[in-house]
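Subject: Structure for your review

Dear colleague,

Please find below the structure that I promised to hand over. My notes on it follow, arranged by topic.

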Amino acid sequence: MQKKIATLKEEIQIEVQKVFLQENENLRQKLFELKMQFLGKTGKLTDLLKSMKDVAPELRPEMGKYVNELRDYAEKLFAEKERLAREKEMALRYEREKIDITAPAIFQKKGGLHPITLIQNELIAIFTGFGFTVFDSTEFETDYYNFQALNIPEDHPSRDMQDTFFIHKNLLLRSQTSAGQVHVMEQQLPPIKILTTGRVYRSDSDATHSPMFHQMEGLVVDKNITLCDLKGLLDAFAKRMFDCNTKTRLRPSYFPFTEPSVEVDLSCVHCHGKGCKICKNTGWIEILGAGMVNERVLQTCKIDTAKYSGFAFGLGIERIAMIKYGIPDIRLFFENDIRFLKQFNSAKGEK
Ligand code: PHE
């Protein structure tokens, strides 16, 4: 019996040591399982205590003392080791969760805005600064809004100016943001001062034309609006968008929805009028179409032409971006080459 007690003591010591040889965060669990193997209901030590009844009565007090001593020893040992296990577990956990606050930060890669969006935002900022508000219009239009109400009858040759994608006879992808003008004039009474902007579509594709591109249109209708107001506004716009020395000039042109119509040129932003490759040595770059709103358009929208007049202008956002950034090919905007797009955003953290 005594030998049994001694072996059991040794066994407990060895097994406890073994648990501590492992580097893991479950020490207390392991220790608990081990404790149960000896001190649990069916544990070896408990069994030994139970077997005391089989020991000869004269030996019982002495043996009982030994077994009780072993139980006390084991209980103390496990309590002590449990405390150690908790410390070791915490140390391991601190090590695992250690944060080096001196380590360089990991930068999140940030996306950036597309150059067309950047220019669009800049244009909106400039014109809203002049008192314009943005009117959202649809990309699908009926023939009426895209053409007829803008003084372009069905069989009129000026339709050829815009090679249009028709969905069916009466429904099309808008070929110009001018279509938005008509909606505004139908819905609002003068004074009107709005911008319509967004995607437009034409069946056209080369280095300077894309089947989908972006336009921005401005419309002002009020009493006593003249071509001078248009020129003054576009002058101020050009100086804000490019630089303060930029000049504008108007050339006669033709649009069915404006009369008179003009083409607006900008003094070349690259050579400042001296003549270079970009302005084809003329010193001027064409940037937009404009004019006084044709009375027929105003009348179609039930605006009293005896009282009111208006001007409108429309520009291609890609064209403005190409001029501003010196981009030679419109297709670059739509190829999504990250090396190209990255140049327009100073996104921090990009590597
Ligand atoms: N809608 C014309 C175009 O797309 C541009 C324009 C707008 C011209 C407004 C005059 C007035 O070509």
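A pocket, as the word is used here, is an open set of grid points with protein on both sides within 12 Å along at least five of seven lines. Please bear in mind throughout that this is a predicted model.

The largest pocket has a volume of about 860 Å³. Its lining is made up of 39 residues, and those nearest the centre are Arg202, Phe213, Gln215, Glu286 and Gly316. Two or more lining residues come from each of the following elements: helix H7 (178-187), strand S6 (212-222), strand S8 (258-267), strand S9 (284-293), strand S10 (309-316) and helix H10 (317-325). Strand S9 provides the largest share of this lining, with 6 residues. Sorted by class, the lining of the largest pocket holds 15 nonpolar, 15 polar and 9 charged residues.

The lining of the second largest pocket consists of 8 nonpolar, 3 polar and 6 charged residues.

Helix packing

Two packed helices are described by the angle between their axes and the distance between the axes.

The crossing of H1 past H2 is right-handed. On the H1 side, the contact is made by Leu8, Glu11, Ile12, Glu15, Val16, Val19 and Phe20, and on the H2 side by Leu27, Lys30, Leu31, Leu34 and Phe38. These contact residues comprise 9 nonpolar, no polar and 3 charged.

H2 also packs against helix H4 (residues 60-96), where the axes come within 9 Å and cross at roughly 170 degrees. H2 and H4 are therefore roughly antiparallel to each other. H2 contributes Leu27, Arg28, Leu31, Leu34, Lys35, Phe38 and Leu39 to this contact, while H4 contributes Arg71, Ala74, Glu75, Phe78, Lys81, Glu82, Ala85, Arg86, Lys88 and Glu89. In the contact of H2 with H4 there are 8 nonpolar, no polar and 9 charged residues.

The remaining pair is helix H5 (residues 115-129) with H10, packed at an angle of about 100 degrees with axes 9 Å apart. Angles from 65 to 115 degrees count as roughly perpendicular, and H5 and H10 are therefore roughly perpendicular to each other. The residues in contact are Ile116, Ile119, Gln120, Glu122 and Leu123 of H5, together with Ile317, Glu318, Ile320, Ala321, Lys324 and Tyr325 of H10. By class they divide into 7 nonpolar, 1 polar and 3 charged.

Backbone features

Two cis peptide bonds may be noted here. One of them joins Pro190 and Pro191, with omega at about 5 degrees. Pro191 is situated in the loop between H7 and strand S5 (192-201). Another is the bond from Glu259 to Pro260, with omega near -5 degrees. Pro260 belongs to strand S8, an element that also gives two or more residues to the lining of the largest pocket.

Asn151 has a positive phi of about 65 degrees, although this residue is not a glycine. Asn151 lies in the loop between helix H6 (143-146) and strand S3 (166-168).

With kind regards

Terms used: Residues numbered from 1 in each chain as written. Predicted model: local features only at pLDDT ≥ 70, side-chain atom pairs only at ≥ 80, totals over all residues. Heavy atoms only, no water. Left-handed = near helix turned anticlockwise from the far one by under 90°. Helix = DSSP H or I, 4+ residues; strand = E, 2+ residues; numbered from the N terminus. Contact = heavy atoms within 4.5 Å. Nonpolar A, V, L, I, M, F, W, Y, C, P; charged D, E, K, R; others polar. 1 Å grid on protein atoms, 1.4 Å probe; cavity = no way out; pocket = protein on both sides within 12 Å on 5 of 7 lines; lining within 4 Å. Points joined across faces, edges and corners; volume = space filled by probe spheres on them. Axes fitted to C-alpha atoms, helices over the stretch in contact; angles between N-to-C directions. Parallel < 35°, antiparallel > 145°, perpendicular 65-115°, else oblique.
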